[in-house]
Amino acid sequence: MRWLFACTLTAFVLLGVTAEEKTLKYPDTKKGDQTDEYHGTRVADPYRWLEDDVRTSKDVAAWVEAENKVTNAFLETIPEREAIKKRITELWNYEKISAPFKVGGRYFFFKNDGLQNQSAMFVQDALDAEPKLLLDPNTWSKDGTVALAGMALTDDAKFLAYGTADAGSDWNTWKVFDVAAGKTVADELKWVKFSGASWTLDGKGFYYSRFPEPKKDAAFQSLNENQALYFHTLGTPQSDDKLVYERPDNPKWTVGGSVTEDGKFLIISVGDGTTSRKARVAYQDLTDPKSKPVDLVANHENKFNFLGNDGGVFYFQTDYKAPKYQIVAIDTAKPEPKDWKTIVPEANEVLDSTDLVGNRFICSYLKDAKTAVKVYEVDGKFVRDVALPGIGTASGFSGKRTDTETFYSFSSFDSPTRIYRYDVPTGESKLIRQAKVKFNPDDYEVKQVFYASKDGTKVPMFLAHKKGLKLDGSNPTLLYGYGGFNISLTPGFSVSRLQWMEMGGVLAVANLRGGGEYGEAWHRAGTKLQKQNVFDDFIAAAEYLVKEKYTSPKKLAIQGGSNGGLLVGACLTQRPDLFGACLPAVGVMDMLRFQKFTAGRFWVDDYGSSDNKSEFEALYKFSPYHVLLKNGPKAYPATMVTTADTDDRVVPGHSFKFAAALQAMQTGPAPVLIRIETKAGHGAGKPTAKVIEEVADQWAFLVKTLDFKPEIGK
């Protein structure tokens with residue numbers, strides 16, 4: 001008997017649904033009497049049963065099916081839905097090509113013809129040579145739900161190690177492709193997660209990280225602990241792989257390894273078990289078969305990103321004594337911090353990433369969340385700025401010390417991706433590829449504004465929309481945010497966002513505290529006991545848009561995914577009066593139990609943990625699921641939660657519990673729906689067909705709930 005799920009239905013009339021239309025009915029979700037005690041505080045968790053894995057729980061599977069029926073029935077009543085889907089399909093159907101990268105004298109890149117579910121990998125002998133198909137993930141499954149999850153070529157480009165992800169899972173299976181023969185060989189590695197691969201210089205094998213095989217039926221929910229670094233010899237079974245480095249004394253630590261470009265050293269990075277990736281660093285001399293790993297940085301106080309080496313001198317990008325990051329050289333012969341040498345000092349702007357190419361450091365900075373690129377000699381001497389084609393995001397610049405060329409992409413909200421070849425010695429950028437999307441960029445404008453948050457902090461926000469916008473408070477507006485884990489939101493091209501603007505909508509992207517836009521201090525100002533700053537920043541962004549008459553609360557929607565889903569959940573429960581519609585995706589909604597599942601423990605450095613009394617008190621105040629239960633019934637804005645039944649990053653129980661509680665607490669006329677995708681995971685590798693369906697459903701939901709007539713295809 002499915003005692004956890006009752007099939008009785010409760011009538012609920014929707015906003016904008018006439019008397020003649022069929023009313024929406026929610027499943028009557030069973031409530032349990034589960035309570036937990038945290039530091040003397042009793043906390044109810046009536047929907048605990050929805051944490052069970054949908055793959056093994058018939059009750060949860062039945063609930064998912066019932067909720068999807070309700071959501072699909074609502075979406076099918078929206079007249080504009082099919083036209084929206086048709087138009088976004090037209091916009092999406094353009095050739096997408098990545099920046100090439102050079103290995104073994106040949107050029108590799110990824111291409112999607114337009115509507116392919118996955119991009120395929122190609123190789124060229126020269127930039128003007130005919131590309132040859134190398135690896136096509138579209139052939140790995142009929143529905144496109146098996147995706148490429150990582151890759152690494154040998155130095156001579158004869159072999160390619162690559163990871164596959166099934167149904168969006170973080171679990172990857174790694175295989176090896178013989179480039180010359182054009183086929184996958186027998187090597188297969190299981191239980192790999194959060195790992196790349198790094199070949200030895202001779203191409204005889206590669207280093208990778210894996211977790212112990214989980215218990216039966218626990219692979220998609222149990223905590224990921226005891227990651228270890230292994231070496232796989234080409235042509236041998238995984239059972240023969242050599243254990244290189246592990247830390248059983250600290251099972252939560254993460255371990256990764258990479259081989260230096262000269263092949264002489266293995267660099268071992270040991271994370272502290274959080275996404276802040278504060279790193280210990282060790283190294284091993286690969287020229288000595290008897291060598292053992294040697295500690296270089298033996299604490300978790302800072303971040304260290306290995307860039308390259310000159311013999312025993314290692315270069316790192318680090319926040320050591322530089323919250324906006326610098327480049328330092330550490331000589332293994334004199335490894336004490338007092339002997340570290342600053343090569344490129346901390347600047348006013350955040351050093352976002354660095355590549356060592358053509359014997360020069362190519363440094364990408366963030367200037368108010370926009371890319372600026374500078375080039376330095378290995379000794380730190382400034383060479384030049386890289387002239388970019390506008391305000392936007394540049395990325396790429398990969399390559400080797402011996403290369404004289406590299407490649408980068410550039411895009412902005414109103415500018416599709418352009419690919420450039422950069423000549424490192426001369427500094428010349430040459431456009432080699434440009435995406436051709438069926439729209440006129442001149443019809444749109446992008447600008448950046450700054451607004452004051454609750455405590456007076458100045459926060460930047462990008463605004464993009466059609467030219468000639470009238471500031472009369474009537475514009476449907478989509479406010480997007482993230483605000484966490486040192487991740488920066490920069491201007492980039494998106495077909496779905498283009499369609500939103502084409503329909504007459506305003507796009508607003510706020511650069512909240514918790515992100516990395518202004519360095520580690522900006523990041524830390526939105527973490528743990530200061531996490532409320534992130535929500536205050538987002539609420540202030542919404543208030544700015546209303547005050548400046550871009551929109552009004554009834555025309556304002558908010559959107560965010562993962563940590564951004566938490567952002568939307570927290571803001572809609574704190575200020576339900578401020579928004580007309582909410583789109584929280586794959587969000588972390590139960591802030592008291594997130595650390596108990598899969599990768600959740602990695603987030604403790606940003607969120608804190610309910611195991612700590614003061615952090616529990618902070619988490620309990622804003623945890624979206626618990627705020628709903630504490631506040632009791634009240635009117636909330638129209639909400640469509642999105643998640644996937646196979647998400648093993650933020651387990652779907654977060655969204656399930658939140659949606660169930662929000663449906664139970666809703667007293668207003670606005671709909672509360674949950675759209676649960678199948679075989680899609682957290683988002684990475686999601687097939688194009690599923691992405692288009694989801695975006696079309698989200699835009700249709702906003703058209704309905706924000707009550708506006710979209711301009712489709714104009």
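Predicted model: local features only at pLDDT ≥ 70, side-chain atom pairs only at ≥ 80, totals over all residues.
Figure 1. Phe485 belongs to the loop that runs between strand E36 (477–480) and helix H3 (495–502). Its phi is near 55°, which is a positive value in a residue other than glycine.

**Figure 2. The largest nonpolar core and the surroundings of Phe701.** The largest nonpolar core comprises 118 residues, of which Met461, Leu479, Phe701 and Leu702 touch the most other members. The element that gives the most to this core is helix H5 (residues 532–547), with nine residues. Once neighbours within four places in sequence are left aside, Phe701 is in contact with Phe74, Leu75 and Ile78, with Ala581, Cys582 and Leu583, with Ala638, Thr639 and Met640, and with Pro671 and Leu673. Another core lies apart from the largest one and consists of 16 residues, including Tyr325, Ile343, Leu351 and Cys363.

**Figure 3. Cysteines without disulfides.** The structure holds zero disulfides. Cys571 is in no disulfide, and the cysteine sulfur nearest to its own, that of Cys582, is 8.8 Å away, whereas a disulfide would require the two sulfur atoms to be within 2.5 Å. Cys571 is buried, with a relative accessible area of 0%, and Cys363 likewise counts as buried at 0% relative accessibility.

**Figure 4. Thr406 within strand E31.** Thr406 is found in strand E31 (residues 405–412) and is buried, with a relative accessible area of 0%. Its side chain reaches the backbone oxygen of Ser398 at 2.7 Å. Beyond its neighbours within four places in sequence, Thr406 is in contact with Val357 and Ile362, with Phe397 and Ser398, and with Tyr420, Arg421, Tyr422 and Val424.

**Figure 5. Pro251 in the loop between E17 and E18.** Pro251 is found in the loop that links strand E17 (242–245) with strand E18 (254–259), and it is partly exposed, with a relative accessible area of 28%. Apart from neighbours within four places in sequence, Pro251 is in contact with Glu225, Asn226, Gln227 and Arg601. The C-alpha atoms of Pro251 and Phe304, residues that are 53 apart along the chain, are separated by 21 Å.

**Figure 6. The open sheet E14-E15-E16-E17.** Four strands with antiparallel pairing make up this open sheet, in the order E14-E15-E16-E17. The edges are formed by strand E14 (198–199) and E17, each of which pairs on one side only. E14 and strand E15 (residues 205–210) pair in the antiparallel sense over two bridges, and Ser198 stands opposite Tyr207 in E15.

**Figure 7. The open sheet E18-E19-E20-E21.** This open sheet also has four strands, in the order E18-E19-E20-E21 and with antiparallel pairing. E18 and strand E21 (294–297) stand at the edges with a single partner strand each, so one side of each is left without a neighbour in the sheet. From one strand to the next, the twist averages 25°. Six bridges join E18 to strand E19 (residues 265–271) in the antiparallel sense, and the bridge partner of Gly257 in E19 is Ile268.

**Figure 8. The hairpin of E12 and E13.** Strand E12 (residues 172–178) and strand E13 (residues 183–192) run antiparallel and are joined by five bridges, with Lys175 standing opposite Glu188 in E13. The two strands form a hairpin with four residues between them, and Gly182 in the turn has a positive phi of about 70°.

Figure 9. Pro624, Tyr625, His626, Val627 and Leu628 are buried in helix H9 (residues 624–631). Just after H9, Gly632 takes a positive phi of about 80°.

Key: Residues numbered from 1 in each chain as written. Heavy atoms only, no water. Core = buried A, V, L, I, M, F, W, Y, C linked by side-chain atoms within 4.5 Å. Buried < 20%, exposed > 50% of the residue type's maximum accessible area, 1.4 Å probe, protein only. Contact = heavy atoms within 4.5 Å. Polar contact = N/O pair within 3.5 Å; in protein donor to acceptor, adjacent residues only side chain to side chain. Pairing = 2+ DSSP bridges. Axes fitted to C-alpha atoms, helices over the stretch in contact; angles between N-to-C directions.
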